[in-house]
Amino acid sequence: MSRIGRLPITVPAGVEVKVDGSVVSVKGSKGELNHTVASPIEVSLDADTLTVARPNDERASRSLHGLTRTLISNMIEGVTKGYEKKLEIVGTGYRVQAKGSDLEFALGYSHPVNVSAPDGITFAVETPTKLSVSGINKQQVGEVAANIRKLRKPDPYKGKGIRYAGEVIRRKVGKAGK
């Protein structure tokens, strides 16, 4: 058995979970998420405990077992606490400002770069060089944060660009250092 997949998921108070065939719906204080479970995996709900089981030990079933359990666990955490990614902007003249629910970046290009918030994602600008991306879907929060970071990746020579909070950029020496 998978060490992760066999662990039961406890459903906290205030979270409503429905298992309808292969669709798992999780509803909490922050919103509602749905997930369609892959065919060989079975999810069962007993009182306040979710259990993920696999029918056999085939390679595909084993790989989906732990994945399904983790995805459902992330959905439960998302509707209770939510997810947040913090980003920092480093560089002279690089900044961000909020324009309603969207963001406008000045990243050294000849034009400002606009990023609109998809459904379920909210942006918060703490300072002109710090922002956060938050939402209930872990995958969506990570993807939006990665797309914002991709606008101007951190430069290995000067360290300028958009990086995750706490991310360490390995610096290269450059031309002068032999």
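A: The lining of the largest pocket has four nonpolar, five polar and one charged residues, where Asp, Glu, Lys and Arg count as charged, Ala, Val, Leu, Ile, Met, Phe, Trp, Tyr, Cys and Pro as nonpolar, and the others, Gly among them, as polar. The model is predicted, and totals for linings use all residues, whereas local features need pLDDT of at least 70 and side-chain atom pairs count only at pLDDT 80 or more. Residues are numbered from 1 along each chain as its sequence is written, and side-chain values use heavy atoms, with hydrogens and water left out.

Lining this pocket are L33, N34 and H35, then L71, N74 and M75, and finally I136, N137, K138 and Q139. At least two lining residues come from each of β4 (32-36), α1 (59-80) and α2 (138-150), these being DSSP runs numbered from the N terminus (helices: H or I, at least four residues; strands: E, at least two). The volume of the pocket is about 190 Å³, a pocket being an open set of points on a 1 Å grid where a 1.4 Å probe fits, with protein on both sides within 12 Å along at least five of seven lines, and lining residues having an atom within 4 Å of a point.

Elsewhere, β8, β9 and β10 form an open antiparallel sheet in that order, two strands pairing if DSSP finds at least two bridges between them. β8 (95-99) and β10 (113-115) are at the edges with a single partner strand each, so one side of each has no neighbour in the sheet. Five bridges join β8 to β9 (residues 102-106), and R95 has A106 in β9 as its bridge partner.

Methods:
Grid points are joined across faces, edges and corners, and a volume is the space filled by probe spheres set on the points.
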